[in-house]
Amino acid sequence: MKKFLAMVLAVVMMLSLVACGGGDKASGEKVKLDIIISQYGNYTQEWWKQFEADFEEANKDIDLNIDIVSWNDIYATVNTRISTGEQPDILNISGFADYVADDLLMPADEYVSEKVKNNFVPSFWASNEMDGTVWALPILASCRSLYCNTDILAKAGVEVPTTWDEVMAACKAVKEKCPDVTPWGLDISMDEGQAAFAYYAWNMGGGFVDDKGEWALNSEANIKAAEYMKALVDGGYCNSDPYNDTKYNLYPQFNNGTLAMMIGPMNMITDDCTANYVVADMPGENVALGVCDQLMAFKDKNAPDQEARTAAITKFFDAFYDVETYSDYMVYEGFLPATLDASENLAKNAENYKKGGSDATGSSEYFETFCAVLPNCKFYPMQKAEWMDVRNGVVEAEQQVCTGSADAKTVLDALQAKVAG
């Protein structure tokens with residue numbers, strides 16, 4: 001009898017211990033997630049504060065700690081936290097290759113649900129792949145398209161160009177018939193000359209890498225692309241100082257009607273734009289430059305319950321990429337969605353969502369136009385270790401070719417040898 005009572009007492013004590021602190025779930029302790037989000041605008045903080053409150057109300061077992069950090073400070077902030085072993089659970093930043101190299105990130109497949117994964121625009125999901133593994137999720141999208149002033153082209157007697165030969169012919173016609181207008185905007189500055197290389201090379205059949213992902217900087221198509229830029233300069237068809245004129249110098253010219261055509265992002269048109277314009281497909285191969293920042297999840301070897309932590313991360317992404325929530329954030333911050341359902345939704349219902357800090361709403365026509373570009377986007381090969389050398393190298397090569405200080409084949413052969421050996 002005593003032995004039986006002792007057994008009962010032991011069982012009761014064990015159950016009591018489990019109920020009072022034997023594990024996170026049983027003890028009532030919440031899973032805590034530290035999250036760093038980049039500041040995209042003046043009202044980023046407000047949106048995420050509301051998201052945090054709504055999420056925690058729906059998920060009583062998860063505690064979010066969301067910090068909004070400016071782009072000026074975010075890299076230093078994250079590097080400091082990593083150096084002290086206090087990296088966030090989730091980070092929004094641009095670029096992840098260094099974190100992968102240091103074995104800091106969780107593969108996306110470990111925490112992203114199938115519903116969320118299958119909902120991304122395929123090219124944007126694939127853009128975060130490195131060595132066969134996707135390491136991050138696209139938080140938002142941006143793309144570059146061809147802008148044409150329709151009034152100027154009509155005066156010059158030409159249509160919106162669809163090939164590079166037509167671009168050159170249109171430039172010639174504009175120069176002859178509209179002498180006060182710059183036919184074409186060209187930015188080969190150190191600010192973003194690598195984008196120009198992408199525009200022309202991709203759409204002439206070339207690019208930074210070949211089909212196997214190997215550097216192919218001196219391909220025949222790339223040489224042709226550099227020579228084409230030189231022809232624009234030599235013909236007097238572009239702005240007079242493309243080596244220093246950035247896209248920010250060109251935007252006002254297009255908006256006030258003194259620049260006929262340029263390749264630019266979806267947000268280059270200002271509210272006071274006086275130009276009648278169309279957004280057209282890229283000439284040639286119709287390949288647009290895609291840009292996306294990322295959300296990524298860091299490993300935490302000290303988490304008391306890895307399974308619960310991963311489940312909480314999954315719930316965070318499920319909530320953020322919910323079509324209503326994500327659509328709201330895209331209009332709020334003024335970017336394009338990287339998901340299929342939000343792209344479809346905003347192409348029809350953008351007016352249901354407000355821009356950050358104002359009563360203005362989104363434009364369905366705007367989203368319909370630019371979301372249609374997203375499936376045709378390519379991305380810089382930022383995952384490759386040599387990217388920064390290539391980025392600076394192609395800008396220097398363009399500038400040398402366009403100033404006539406070197407021929408395209410020579411400088412691109414030299415860059416290829418430097419990068420690939």
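The following legends describe close-up views of a predicted model of a protein chain.

**Figure 1. Confidence along the predicted chain.** The mean pLDDT of the protein chain is 92, and 93% of the residues reach a score of at least 70. Residues 1-27 have a pLDDT below 50. In the model, this stretch makes eight contacts beyond near neighbours in sequence.

Figure 2. Strand β11 covers residues 288-291 and runs antiparallel to strand β7, residues 142-149. Two bridges join β7 and β11, and Cys 143 stands opposite Gly 290 of β11. Strand β11 is also joined by two bridges to strand β13, residues 377-378, in a parallel arrangement. Here Leu 289 stands opposite Lys 378 of β13.

**Figure 3. Burial of helix α10.** Helix α10 spans residues 193-202 and is mostly covered, with 10 of its 10 residues buried. Among the buried residues are the aromatic side chains of Phe 197, Tyr 199, Tyr 200 and Trp 202. The list of buried residues also includes Gly 193, Gln 194, Ala 195, Ala 196, Ala 198 and Ala 201.

**Figure 4. The salt bridge between Asp 89 and Arg 309.** The model contains 12 salt bridges. In the one formed by Asp 89 and Arg 309, the closest N and O atoms are 2.9 Å apart. This pair links distant parts of the chain, the two residues being 220 residues apart. Asp 89 belongs to the loop between α4 (74-83) and β3 (90-93), whereas Arg 309 belongs to helix α13, residues 306-320. Asp 89 counts as buried because its relative accessible area of 7% is under 20%. Arg 309 is likewise buried, because its relative accessible area is 4% and the limit is 20%.

**Figure 5. The salt bridge between Lys 354 and Asp 359.** The side chains of Lys 354 and Asp 359 meet in a salt bridge with an N to O distance of 3.7 Å. Lys 354 is partly exposed, with a relative accessible area of 45%. Asp 359 is classed as exposed because its relative accessible area of 66% is over 50%.

Figure 6. Lys 409 and Asp 413 form a salt bridge in which the closest N and O atoms lie 2.7 Å apart. Both residues lie in helix α18, residues 408-420. They are four residues apart, about one turn of the helix. Lys 409 is partly exposed, at a relative accessible area of 47%, and Asp 413 is also partly exposed, at 25%.

**Figure 7. A salt-bridge network of four residues.** Salt bridges link Arg 144, Asp 191, Glu 192 and Lys 247 in a network.

**Figure 8. Packing of helices α14 and α15.** Helix α14, residues 323-333, packs against helix α15, residues 340-349, at an angle of about 65 degrees. The helix axes are 9 Å apart, and α14 passes α15 in a right-handed crossing. On the α14 side, the contact is made by Val 323, Glu 324, Tyr 326, Ser 327, Met 330 and Val 331. On the α15 side, Asp 341, Ala 342, Asn 345 and Leu 346 take part.

Note on methods
Residues are numbered from 1 along each chain as its sequence is written. This is a predicted model: local features need pLDDT of at least 70, side-chain atom pairs count only at pLDDT 80 or more; totals for chains, interfaces and linings use all residues. Side-chain values use heavy atoms; hydrogens and water are left out. pLDDT is the predictor's confidence in each residue, from 0 to 100. Contact means heavy atoms within 4.5 Å. Two strands pair if DSSP finds at least two bridges between them. Buried means under 20% relative accessible area, exposed over 50%, partly exposed in between (1.4 Å probe, protein chains only). Axes are lines fitted to C-alpha atoms, for helices over the stretch in contact, and angles run from 0 to 180 degrees between N-to-C directions. A crossing is left-handed if the near helix is turned anticlockwise from the far one by less than a right angle, and right-handed if clockwise.
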